[in-house]
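Colleague: Could we go through this model together? I would like to hear about its cavities, its salt bridges and one of its helices.

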Amino acid sequence: MSNDFYSPAVIKTHFLAFKEFLESQDNEPKRQRGAKEKLIKLTNQQFQELSTDVYDELIRRTYNSRDFDCLQSQSEFQPKRNEARAKLAALSHTRYRDLSQDIYNEIQRRFPNIVSEVENNIENSLEREYNVSPVDKINNNDSPKPIQGLNSSPNSVTDQQQTSNQKINLSPLDNVMANLKELTVKNENEKPNVSEASQVNEAEIAELKKANTLLKSKFDSLTEKYNTEKNRLEKELESVQETLTNRVKINEEQAVEYSKLYNNYTQLQTDIKTLRSQTEVNEKITGELRQENDNQIEKINELTKKNETLENENKSLKEEIEKLKNELKEEKEKKIEAAKTAPSPAPSPAKEQESKASPIEKEDKPETPQTPKKTPEIPPTNEIRSPKGIKPVPTEPEPEKPAVRDCINPERFNHYREAVNELIEASKSENPADVLVAMKSIVITCKNITEESDEYERLNENTFTDEEQDKLIEIKNNLSVALTNLMSVTKNHATNYPNVSSSFIESAASDLSVTIVSLVRTLKEHQNRLLNQGSSPLQQPINQVNMDEFISNNKQAYNPQELKHFLEEKTDLIVQGIQSLLFKIQQSNATYEEFNGDIGRITSIVDNVINASQDTFTSPVGSYLFNDGEPILQELKMGNQRLKEMGLSMQNKSEQEIKATKPNLASASYEIAVYVRDLLELLG
């Protein structure tokens with residue numbers, strides 16, 4: 001609705017009311033200019049509202065002052081307007097008259113057309129109402145002339161006072177008396193005309209009735225138009241109010257939505273900071289693991305070379321043993337032939353045996369220094385030589401040698417390392433499809449490694465213990481899971497680049513490398529065990545008692561080399577647990593149970609490492625490591641305890657609190673990995 005809206009009918013009503021009120025009051029007082037300037041600044045709508053309030057106060061003071069002390073509040077008006085209306089009753093009569101006068105003047109200034117129309121209507125109505133009748137015209141025409149004596153000016157009075165000594169002129173009084181007599185005669189003559197005047201008045205009354213009826217019909221039509229317009233405006237007002245209500249609701253909903261979006265934005269900022277810190281920790285751990293992976297592969301290559309050297313030595317020893325067997329066989333055949341041809345089995349066969357045994361001894365003596373003490377195939381010399389002669393079974397009871405072959409070709413590891421490096425480099429390139437080509441090379445290399453592992457297990461099927469078989473099954477399952485995880489991460493990187501970070505590929509590749517290293521290490525341990533079994537008959541009579549005593553006295557203590565081997569095994573398990581924990585940290589929907597499982601496995605393994613290391617450091621064989629190893633163990637204990645406490649504290653935390661704890665979990669896991677590595681370096 002525009003600010004210039006006003007109702008002419010309302011303005012007319014107010015103008016007439018204020019006109020009538022002010023005419024009954026004293027003359028207009030002088031008003032201050034400030035009040036008029038304030039009224040001029042008001043819009044038509046604001047001025048009409050002020051005029052309405054002052055008009056309502058005029059009606060209250062005139063007719064309802066006994067019933068109401070002030071104007072009553074109206075529900076359609078605003079609270080401030082109702083307060084202002086009520087304060088009008090506190091104005092004195094003078095101030096209220098001044099306010100009415102200001103509004104009346106402003107109506108004349110602001111609405112001159114309406115004022116002129118009202119004044120014209122008043123003049124027309126007065127002419128109709130006070131229209132002069134024929135009788136009045138006659139009376140007016142025949143009215144007596146003004147009395148000059150009565151209309152004499154004050155100057156004549158003063159003149160009379162000045163001529164007080166003169167005689168008083170009584171002729172004016174005579175004239176007045178004569179005029180009164182003439183009027184009396186005329187009134188008596190005009191009595192017959194009264195009936196004619198009454199008839200004229202009746203005709204005028206009939207005309208006035210017709211005019212009244214016409215005005216009444218106009219009034220009714222105006223009333224009807226007013227009601228129609230009122231209903232229309234009320235509907236329009238209801239529509240505007242409904243629209244305003246809907247707009248308010250929409251604004252409230254938008255405010256709630258904005259609040260939610262702002263909260264989400266704040267949460268996202270927090271998550272971004274958390275992810276950045278996690279990414280930094282993960283990159284640091286990944287670099288450490290990659291370095292550790294390269295070191296492990298180098299160690300595997302060194303062990304492979306040593307294994308090849310041992311296999312060559314073993315081969316040469318086997319050839320020497322075969323040569324000795326052939327010689328013994330020839331001697332046996334010669335002995336049998338000599339026994340058949342000789343007439344008596346005198347001591348000559350013994351001498352021949354001694355004489356023929358001597359070349360074997362001569363050949364055996366130079367070979368002895370080249371043969372290591374732990375070689376499995378050289379029979380003891382006291383079984384070959386005998387003062388009583390050659391026995392029929394010196395070569396038969398030789399211990400059974402398992403069919404030992406190299407578990408995995410070292411070239412496979414070089415190919416695997418090259419494929420992993422290519423994959424990591426491809427993950428950082430701008431062409432995401434390169435990772436699929438590099439992933440294909442990793443799959444082929446892993447397939448070759450597993451095939452050679454299966455072939456080695458098939459050839460040495462009966463030599464594996466139940467524990468070794470269970471461990472190999474578990475490692476192969478982990479290898480399958482790690483390879484599948486790496487393939488899915490690689491595929492996700494290729495399809496969703498650049499939304500997927502290359503750190504996920506590095507983490508998955510590190511998991512796969514750790515699993516392959518564990519597989520090769522297990523097979524190498526089995527291979528070394530088979531090689532050592534061949535030399536055990538030579539050393540068992542010498543070392544069996546001492547070893548039993550050592551085991552009985554130190555049930556849980558390892559020597560430094562055994563502790564190093566134990567720590568290498570446990571380090572692999574710790575690394576696997578940390579990688580699993582980091583993978584769950586990167587997931588947004590990981591549960592407390594999943595975190596608690598990984599934390600429990602890591603802390604349990606670390607406890608075993610701490611106990612085994614302390615037993616070795618406090619034992620006689622490892623006491624020289626105590627001063628350097630004990631501070632590392634104390635730091636490792638504190639880090640492990642922190643990780644345990646974090647796992648327990650996550651039980652009653654909300655999802656947001658768990659998210660905030662994730663960086664601390666990654667940091668604690670990294671500390672444990674560093675201290676375990678320090679232990680290995682101390683033993684290495």
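Modeller: Happy to; let us take the topics one at a time, starting with the ground rules. This is a predicted model, in which local features need pLDDT of at least 70 and side-chain atom pairs count only at pLDDT 80 or more, while totals for chains, interfaces and linings use all residues. Residues are numbered from 1 along each chain as its sequence is written, and side-chain values use heavy atoms, with hydrogens and water left out.

Colleague: How many cavities of 30 Å³ or more does the structure hold?

Modeller: On a 1 Å grid over the protein atoms alone, a cavity is a set of points where a 1.4 Å probe fits but cannot get out. Its volume is the space filled by probe spheres set on the points, which are joined across faces, edges and corners. With 30 Å³ or more as the limit, the number of cavities is five.

Colleague: Which element gives the most residues to the lining of the largest cavity?

Modeller: This cavity holds about 230 Å³ of space, and 15 residues line it (an atom within 4 Å of a point). Closest to its centre are Glu288, Leu289, Val575, Ala673 and Arg677. Helices here are DSSP runs (H or I, at least four residues), numbered from the N terminus, and those giving two or more residues to this lining are α10 (194-341), α17 (560-586) and α20 (655-683). The most, six residues, come from α20.

Colleague: How does the lining of the second largest cavity divide by class?

Modeller: The second largest cavity has a volume of about 140 Å³; among its 13 lining residues, Glu292, Gln296, Val514, Asp572 and Val575 are the closest to its centre. Two or more lining residues come from each of α10, α16 (502-553) and α17. For the classes, Ala, Val, Leu, Ile, Met, Phe, Trp, Tyr, Cys and Pro count as nonpolar, Asp, Glu, Lys and Arg as charged, and the others, Gly among them, as polar. The lining then comes to five nonpolar, five polar and three charged.

Colleague: How far apart are the end C-alpha atoms of α15?

Modeller: Helix α15 covers residues 466-495, which is 30 residues. The expected span is 1.5 Å times one less than the number of residues, so α15 should span 44 Å. The model agrees, with its end C-alpha atoms at a distance of 44 Å.

Colleague: Why can Glu455 and Arg458 be described as about one helical turn apart?

Modeller: These two form a salt bridge, with the closest N and O atoms 2.5 Å apart. An α-helix has 3.6 residues a turn, so residues three or four places apart point the same way. Glu455 and Arg458 are separated by about one turn because they sit three residues apart in helix α14 (residues 434-459).

Colleague: Which residues are linked in a network of salt bridges?

Modeller: The whole structure has 28 salt bridges. The network links Asp53, Asp56, Arg81 and Arg85.

Technical notes:
1 Å grid on protein atoms, 1.4 Å probe; cavity = no way out; pocket = protein on both sides within 12 Å on 5 of 7 lines; lining within 4 Å. Salt bridge = Lys/Arg side-chain N within 4 Å of Asp/Glu carboxyl O.
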